[in-house]
Amino acid sequence: MSAKNCKVCGVLCSTPRAKYCDACRPSKHKNRSAIVFGKRFASGKEAKRYGELLGLSEVGRIARLRVQPRYPIAVNGKHVCTYIADFEYFDSSGKRIIEDVKSSWTAKMPVYRLKIKLMEAANNIKVSELIR
């Protein structure tokens, strides 16, 4: 089976079954990616929150801002999955905050809900959810 051309731009697709090239593929959750200060974000909501956090970082209200930090989740010593948060930072009191920006629809998705519960159970880490 040979690769097909993209339905939108006509470029050769990366796999034989693909209908769109990587650049034209529609978003899974109907979100639109955004770029802020050279960083690409999966959604405009996430990009907007990054701008807010950068402002807080500049005035010293938060420190050590990280984008898309990864957290391995293991149960009984076996790796189950990796949770990728949107942001991690430390507030002015030194408390570590792990944040995820979600729409009301994606916040209800079973895989996401399960990973949030696993983060708390396996790593004793509470994720702050911003539903916008």
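A charge sits over a ring if NZ of Lys or CZ of Arg is within 6 Å of the ring centre and within 35 degrees of the ring normal. The close-ups below come from a predicted model, where local features need pLDDT of at least 70, side-chain atom pairs count only at pLDDT 80 or more, and totals for chains, interfaces and linings use all residues. Residues are numbered from 1 along each chain as its sequence is written, and side-chain values use heavy atoms, leaving out hydrogens and water.

**View 1. Arg64 sits over the ring of Phe90.** Here Arg64 lies over the face of Phe90, at 3.9 Å from the ring centre. Phe90 also stands opposite Arg96 in S7.

**View 2. Phe41, Tyr50 and Phe87 make one aromatic cluster.** Rings of Phe, Tyr and Trp (its six-membered ring) pair if their centres lie within 6.5 Å; planes under 30 degrees apart count as stacked, over 60 as edge-to-face and the rest as tilted. By this rule there are 3 aromatic pairs. Phe41 and Tyr50 form a tilted one, 4.9 Å centre to centre with 40° between the planes. Tyr50 and Phe87 are stacked, because their planes are at 10°, with the ring centres 6.2 Å apart. Tyr50 lies in helix H1 (residues 44–58) and Phe87 in strand S6 (residues 87–91), so this pair ties together parts 37 residues apart in sequence. Helices (H or I, at least four residues) and strands (E, at least two) are DSSP runs, numbered from the N terminus. Both Phe41 and Tyr50 are buried, and so is Phe87; buried means under 20% relative accessible area, exposed over 50%, partly exposed in between (1.4 Å probe, protein chains only).

View 3. Leaving aside neighbours within four places in sequence, its contacts (heavy atoms within 4.5 Å) include Arg49, Leu53 and Phe87. Ile97 in S7 is buried too, with a relative accessible area of 13%.

**View 4. S7 pairs with both S6 and S8.** Two strands pair if DSSP finds at least two bridges between them. S6 and S7 run antiparallel over 4 bridges, and in their hairpin, with 4 residues between the strands, Gly94 takes a positive phi near 90°. S7 and S8 (residues 127–131) run parallel, joined by 5 bridges.
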